Amino acid sequence: MAAIFLSPLYILANIYIFRRIFLWICAVCPILQSTGFLIFLALIYILLSASPLTGFLVKKPSALHRILKITGNFFLGFFLYLLLIIFTADIFRILVKYCFHLSWSDSRLCFVLTGSFCALIILFLCIYGICHVSHIKTKYYNVQIQKFVPGMKSLKIILVADFHFGFSTDYGHTKEIIQKINKEQADLVCIAGDTFDNDFDSIVHPEKLQALLKTIKSRYGVYACWGNHDLNEPILAGFTFRSSPEKLNDPRMEEFLKNSSVRLLKDQWELIDQKFYLIGREDPQRAKKLGVKRKTPAQLTKKLDRGKPIIVLDHQPKDLEELSAAGTDLDLCGHTHNGQIFPGNIFTRFLWENSWGYLRKGSMHNIVTSGAGVWGPSMRIGTNSEICIVQVVFPVTRTLHPEKHSF
């Protein structure tokens, strides 16, 4: 319903953008100021701006569906900066004209130069954002858990999340991620949800990705939890539409993980090597759509020996207070993408207690990754695609009065 209500605003915004683009082109090259060129440019812009909708309506799987979906995703990224920068330039022009009464602010030369400057900024940001996606960073964290573990002084965990296999994340990007993972010689690899991108059919050659994921090397294996996009769900420009649980739950996703040697934990825990617990939580949005009741942190840790380290894998960085109270030592999350595209990384700070990075909550360490892949526009501006290396250190001797955790 939200998509329907917001569609008039999207149409008006595109009319505003198109008008400013047409006027600028005609100012740069007056010979193009004709009805024929106006119709030609309007048709191209309509096709691009409508691609998110046409990609949603065209039946899948098909080559046309894929082209329209990818085009629509990229257009939404360009649309954001077209609107943001053109609107900012217009506000600045109005301020200059009416506050400083500068007559040249309405001149053709000023309009051409301002428009050219805006065009360069938009192109630079979008091209940079597209290229920056493939530059995968490695983020390091060191945490201390004051629980003695016989025979274990430290635990090296690699946290990744938000692959979004499908239209945005391909084989080459995944291969680079896995190469970085394997260089670290980890004890444990954790995938914090959103392995898929709402559409299993959008994955080209899933068997190749399965073979690639099977090459991940770690001492205790690879574990994952579900994310909110790990559903077969119709989605339009970020807005989802209601479907029955039977249609939403695609068994191929779980089979994909199984064939990739990834152990999926669905509100389950596992005692690994008799040394530490790993809990994988169900995603709250996914659970609600499937009509599944998600277990509380207290329910998940009720039967656990709290003398052993308890690590939680949870897609969304929620319930931090409850997790800490339930005895969690380390909470590993994804979901936020750190906003992915500026100024998204500013807004996510107001939406989440910890939108990216490290947070201490009581006796619990919470780490949120910005994600290895991307969602929607295949762009990253002001954020990084990343894998996180979490080096957990334990006391070398058992103590009766353990000190407080430290980061």
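Modeller: Cys 26 is buried, with a relative accessible area of 6%, where buried means under 20%, exposed over 50% and partly exposed in between (1.4 Å probe, protein chains only). The model is predicted, so local features need pLDDT of at least 70 and side-chain atom pairs pLDDT 80 or more, while totals for chains, interfaces and linings use all residues. Residues are numbered from 1 along each chain as its sequence is written, and side-chain values use heavy atoms, with hydrogens and water left out.

Biologist: Which cysteine sulfur is closest to that of Cys 26, and how many disulfides does the structure hold?

Modeller: A disulfide is a pair of cysteine sulfur atoms within 2.5 Å. The closest cysteine sulfur to that of Cys 26 is 8.4 Å away, too far for a bond, and belongs to Cys 29. Cys 99 is in no disulfide either, as the nearest cysteine sulfur, in Cys 110, is 15 Å away. The number of disulfides in the structure is 0.

Biologist: Is strand 3 largely enclosed or open, and how many of its residues are buried?

Modeller: Strands (E, at least two residues) and helices (H or I, at least four) are DSSP runs, numbered from the N terminus. In a regular strand the side chains alternate between the two faces of the sheet. Leu 188, Cys 190 and Ala 192 point one way from strand 3, and Val 189 and Ile 191 the other way, all of them buried. Strand 3 (residues 188–192) is therefore largely enclosed by the rest of the structure, the buried count being 5 of 5.

Biologist: Which residue of strand 4 is the bridge partner of Ile 191?

Modeller: Two strands pair if DSSP finds at least two bridges between them. Strand 2 (residues 154–160) pairs with strand 3 in the parallel sense over 4 bridges, and there Ile 191 is the partner of Val 160. Strand 3 also pairs in the parallel sense with strand 4 (residues 222–225), over 4 bridges. In strand 4, the bridge partner of Ile 191 is Ala 224.

Biologist: In the hairpin of strand 8 and strand 9, which residue takes a positive phi?

Modeller: Strand 8 (residues 268–272) and strand 9 (residues 276–280) pair in the antiparallel sense over 5 bridges. The hairpin has 3 residues between the strands, and the residue with a positive phi, near 55°, is Asp 273.
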